Amino acid sequence: MDKLYYVTTPIYYVNDLPHIGTAYTTVAADALARYHRLKGEGVYFLTGTDEHGQHVARAAERNGVSPKEWADRMVTHFTEVWRRLNISNDFFIRTTDPRHMEVARNFIQLLYDKGDIYLDTYEGWYCVPDESFWLPSQLVEGKCPQCGREVEMVQEENYFFRLSAYADRLLEHISSHPEFVQPDIRRNEVISFIRQGLADQSISRKTISWGIPLPFDESQVMYVWFDALLNYVSAIDYSLDEARFRGIWPADVHFIGKEILRFHAIVWPAMLMAADLPLPRQVFAHGWLTVEGEKMSKSKGNVISPHDLVDEYGVDAYRYYFLREFSFGYDGNFSRENMTGRYNADLANSLGNMVSRVLAMVERYRGGEVPGPGVEEAVDTALRESADLAVAEVDRCMERFAFNEALQAIWNFLASINRYVDETAAWDLAKDPDRSDRLDTVLYNQVEAVRLTALLVLPFMPATGEGIWERLGYRRSIHEHHLPAAAAWELFPPGQKVSKGAPLFPRKDAAR
Ligand code: MSP
């Protein structure tokens, strides 16, 4: 069997409720996973939660419950929001899963046995919310360079991973595999960071008990980042089921946010090298979202829950907006006005109205039964060609995770369909009994274009793809059809009955 296409999101800290920033990575990963499934590939899509660490222990204490109880309570917010956003992950990993803990212990023991782990004294700063160690020289005005919050002095005997020993191999790998860290701006950042010299990494904590005990020294627990990174291999049974593991690893892509790049592009590959495991094919870091021009933060009270937007716009409009509006890889700004504008222009108009118009015409002129096509004219050829172009273009864009460009290509196709509907003017043809054959062809082509639309939007807007498919009268699920074969022109079976159904995206009042 072929190796599965393996895509991951970061595992989310359970302390914060999911918001539109955290959901961004997951929605993008979902669209990618669904696209590969649409192409008939086997896919493994992983997400989950990062539940150990000092900040979780402290939050639990503040709330008067054990860390595990706290994690159990918080994790439901994640599973619930992913269910609402129609996220199709194949597994949900929690770092408190006994299997994850067993794999993490096996892994660290292996590195210890190989001599890549040693005991030393750590003295430096620690940012608890970010769970990151910092050298005095890295602090900015005495605060965490990452998040600007207070840091704490840590002085304890820790186990260290010989990260420095892998610097040359890492540089070699990154130089010879330009696709390994993307986008390029992130790749350059990683290269210059390694060139400055890598310090060995503390990978255990002595004064903390909420974590995975080290197998070779039960008085210490694993540093939460070392533990967390291992989720990518524990979920697929590294060291437990070799055959399963080899059928999925290496990851095709780890989607992450830009602030956790060093862990994924430096520490993680070095850990894998130390364990003699193949490296992921790619680490892709996306940008950060701001809200109405500002960084989201609890103190500003501007954190947006995906639930609120789904209540307001619906799940597919949510997914569409975030994938269409932002260029994955770069920062972007969310605004309600902008989302409403896109909803009305792109979804209510270009997509929703077009589907309704096309199906309404089949109902009106042919009682809902789609006629067979006749002789192809130039305008029909142009429509067919724009469909082919969209299918090819979407594929090229998805190769490089350019979700916004893939959607742009689909919307170019929708513009062609709308043009075709206007130019062929079925309503005029319907008045002339001599042009009945031509009307058949026009109606058929329009429906065929709607069929392709359903397939193309499916990874981005699954419920919409399914909803259109149903309106097209198919009994069998859209998920049984795969690209590129299903994109061939004239596959729609003449005689099948379609129905216009309810509007897909009712217009929204702009004044909100
Ligand atoms: N637990 C670690 C990841 C461990 S992976 C082995 C972690 N968790 S997190 O919950 O803080 O963040 C998870 C992801 O959410 C990161 O990729 C981060 O970039 C993303 N986002 C959090 N806020 C964001 C925005 N405002 N905008 C876009 N993504 C952001 O880090």
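Reader: Is Thr-424 buried or exposed?

Author: Buried means under 20% relative accessible area, exposed over 50%, and partly exposed in between (1.4 Å probe, protein chains only). Thr-424 has a relative accessible area of 8%, so Thr-424 is buried. This is a predicted model: local features need pLDDT of at least 70, side-chain atom pairs count only at pLDDT 80 or more, and totals for chains, interfaces and linings use all residues. Residues are numbered from 1 along each chain as its sequence is written, and side-chain values use heavy atoms, with hydrogens and water left out.

Reader: Which residues does Thr-424 touch?

Author: Contact means heavy atoms within 4.5 Å. Setting aside residues up to four places away in sequence, Thr-424 touches Val-379, Leu-429, Arg-438, Val-442 and Gln-446.

Reader: Which helix holds Thr-424?

Author: Helices (H or I, at least four residues) and strands (E, at least two) are DSSP runs, numbered from the N terminus. Thr-424 lies in helix α15, residues 403-424. The protein comes to 18 helices and 16 strands. Its radius of gyration, taken over C-alpha atoms, is 26 Å.

Reader: What is the largest nonpolar core?

Author: A nonpolar core is a set of buried Ala, Val, Leu, Ile, Met, Phe, Trp, Tyr and Cys residues joined through side-chain atoms within 4.5 Å. The largest has 105 residues. Phe-255, Phe-322, Phe-334, Phe-403, Trp-411, Phe-460 and Leu-472 have the most contacts inside it. Leaving aside neighbours within four places in sequence, Phe-460 contacts residues including Ala-31, Arg-319, Phe-403 and Ile-410. A second, separate core of 72 residues includes Leu-111, Tyr-126, Phe-160 and Leu-272.

Reader: How much of the whole protein is buried?

Author: Of the 512 residues, 57% count as buried. Among contacts with a separation of 6 or more, residues 24 or more positions apart account for 78%. The C-alpha trace spans about 90 × 50 × 40 Å along its principal axes.

How values were computed: Rg over C-alpha atoms; globule rule 2.2 N^0.38 Å.
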